[in-house]
Amino acid sequence: MPIGRLPIENGGLRIVDGRIVEIGEWNSLTADFGDVVVDLGEVVLLPGLINSHCHLEYSGWSGNKFPRKSFPEWAKAVIAFKKTRNDDQYTDSVSIGIQMLLKTGVTSVADTVSCGQLISDYYSQCPLNVFGFLEMTHVLDRKSPELVIDEALCLGQSGDHWLEDFGLSPHALYSTSSELIRLSAKTSIESALRLSVHISESPEEYSMFRHSRGEMFDWLASIGRDMSDCGFETPVGLLDKSGALTDQTMVVHANYLEDTDIQRISDAKAHVVHCPQSWHFFGYQNFSHEKLTAKEINVCLGTDSTASMDLSDGEPSGLNMFAEMNCFCRHHPEVSPEEILRMTTMNGAKALGREGQIGELSTGAHADLIVIPYQGRSDSVGEFLIHHSGRVGASMIRGEWVIPPDNQTAISNK
Ligand SMILES: [Zn+2]
């Protein structure tokens, strides 16, 4: 299942130095003396999934710990819980999250991280491709926005080099200052860095910026946030006016949009990341997938964190992109399985600026692929995949098995 082209019956790949160099029917591929041939049996082989928005450091936190009657109530409880956690607990959560993702077929993740040390200490040892977005907040901070950005950029540099997959995440408009958003936008353009921002997630956020009222407005005003940016624009409008809505921006959530917002996102060629299970957890209004795609906006999927997920059978459903596809499919039955699969593969790659490198099985792409036992017809494989429970039979990242196949037959070519 290459994505971007039709499934190939009896398909195969040739991999050299971690990249795909050939794809087609298995008996049409060339082989050199000494190549190792692996027959995976009756399976579907597809690109590793891309989780376009996650907070690994909260993995294992169950949504049932936190109230959900409103987003501000939930946020206050999460902030209070964060203060009780130490560095070791954060590191444990990241490990739990990585295992959840690997087991369920994710090979690349866009992770928003507030603990900057994790970027340098942990990501480099992680088997996943991790795109680290450093989370920045700026509400009552005594630091200048310039210092917040400078500190973030220091973490993005390893010696004299930029970390390859580093981006900035001014957390949200309500949790930062307009000056920090403007500086983030300027830095993103000057240094060619991706931006990931939570925007228009809740009705309370929308009401705060659009109408200067509501629960979130009252809460943030009461703790001393400068509310002079409220009452004029929608969150998307404000992001646009700050210069932060560009083709390098990943607009996370975008649940509450006016038609003019959709036009602005389209004009900017920004990317929207929808998190179906988190959206469902809060019971938000319908996500405007049809309107967004009618304006040719790139929409991809993410898990967000387990702190905004329902429990099932006493256990968190966990970080599982198959569960996200399944949830999206239930609420958008008009969208084809093939399109839903693109949202977790090629569309995520486009949002991360990695088109042709990840999210597809094609010549030149990284050999990031997953294997799921399957004995059905190739024309129903899409339907099968979006209803799959999650656990994969095998997973390869950059040509190395991170979950080896069980029953492989390996034959040295003569
Ligand atoms: Zn998030």
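**Reading the model, feature by feature**

Analyst: Let's begin with helix α6, where E204, E205, Y206, S207, M208 and F209 are buried. Buried means under 20% relative accessible area, exposed over 50%, and partly exposed in between, with a 1.4 Å probe and protein chains only. Helices (H or I, at least four residues) and strands (E, at least two) are DSSP runs numbered from the N terminus. This is a predicted model, in which local features need pLDDT of at least 70 and side-chain atom pairs pLDDT 80 or more, while totals for chains, interfaces and linings use all residues. Residues are numbered from 1 along each chain as its sequence is written, and side-chain values use heavy atoms, without hydrogens or water.

User: What do the buried residues of α6 pack against?

Analyst: Contact means heavy atoms within 4.5 Å. The buried residues of α6 pack against α1, β11, α7 (215-222) and α8 (235-241). S200 counts as buried because its relative accessibility is 0%.

User: How do I read the metal site, and which residues coordinate the zinc ion?

Analyst: Look for donors, meaning N, O and S atoms within 2.8 Å of the metal (3.2 Å for Na, K and Ca); water is not among the atoms, so sites may look incomplete. Here H53 (NE2), H55 (NE2), H198 (NE2) and D304 (OD) coordinate the zinc ion at 2.1 to 2.4 Å. In sequence these donor residues follow the spacing H-x1-H-x142-H-x105-D. H55 is in the loop between β5 (49-54) and α1 (71-82), and D304 is in the loop between β14 and β15, so this pair ties together parts that are 249 residues apart in sequence. Both H55 and D304 are buried, with D304 at 6% relative accessibility. D304 also has a positive phi, near 55 degrees, although it is not a glycine.

User: Why is the arrangement around the zinc ion irregular?

Analyst: Four donors count as tetrahedral if all angles lie between 85 and 135 degrees; four count as square planar and six as octahedral if opposite donors are over 155 degrees apart and all others between 65 and 115; anything else is irregular. The four donor atoms around the zinc ion subtend angles of 89 to 165 degrees, which makes the arrangement irregular.

User: How many strands does the open sheet have, and in what order?

Analyst: Two strands pair if DSSP finds at least two bridges between them. The open sheet has eight strands in the order β5-β6-β7-β10-β11-β12-β13-β14, paired in parallel. Its edge strands, β5 and β14, each pair on one side only. At one end, four bridges join β5 to β6, with L49 opposite V106 in β6. At the other, β13 (271-274) pairs with β14 over four bridges, and H274 has L301 as its bridge partner in β14. All six of the six residues of β5 are buried, so the strand is largely enclosed by the rest of the structure.

User: Which helices lie on this sheet, and at what angles?

Analyst: Axes are lines fitted to C-alpha atoms, for helices over the stretch in contact, and angles run from 0 to 180 degrees between N-to-C directions. Helix α5 (178-190) lies across β7 (129-136), β10 (166-170) and β11, at about 160 degrees to β10. Helix α12 (321-331) touches β5, β6 (106-113), β13 and β14, and its direction makes about 80 degrees with that of β5.

User: Which residues touch the most other members of the largest nonpolar core?

Analyst: A nonpolar core is a set of buried Ala, Val, Leu, Ile, Met, Phe, Trp, Tyr and Cys residues joined through side-chain atoms within 4.5 Å. In the largest core, of 99 residues, they are W74, L128, M208, L239, V272 and L385. Helix α2 (87-103) gives the largest share, six residues. Leaving aside neighbours within four places in sequence, W74 is in contact with F66, P67, F281, F282, A307 and S308.

User: Finally, is S389 buried or exposed?

Analyst: S389 counts as exposed because its relative accessibility is 61%. This serine lies in the loop between α15 (381-386) and β18 (394-397). Not counting residues up to four places away in sequence, S389 touches N320 and F322.
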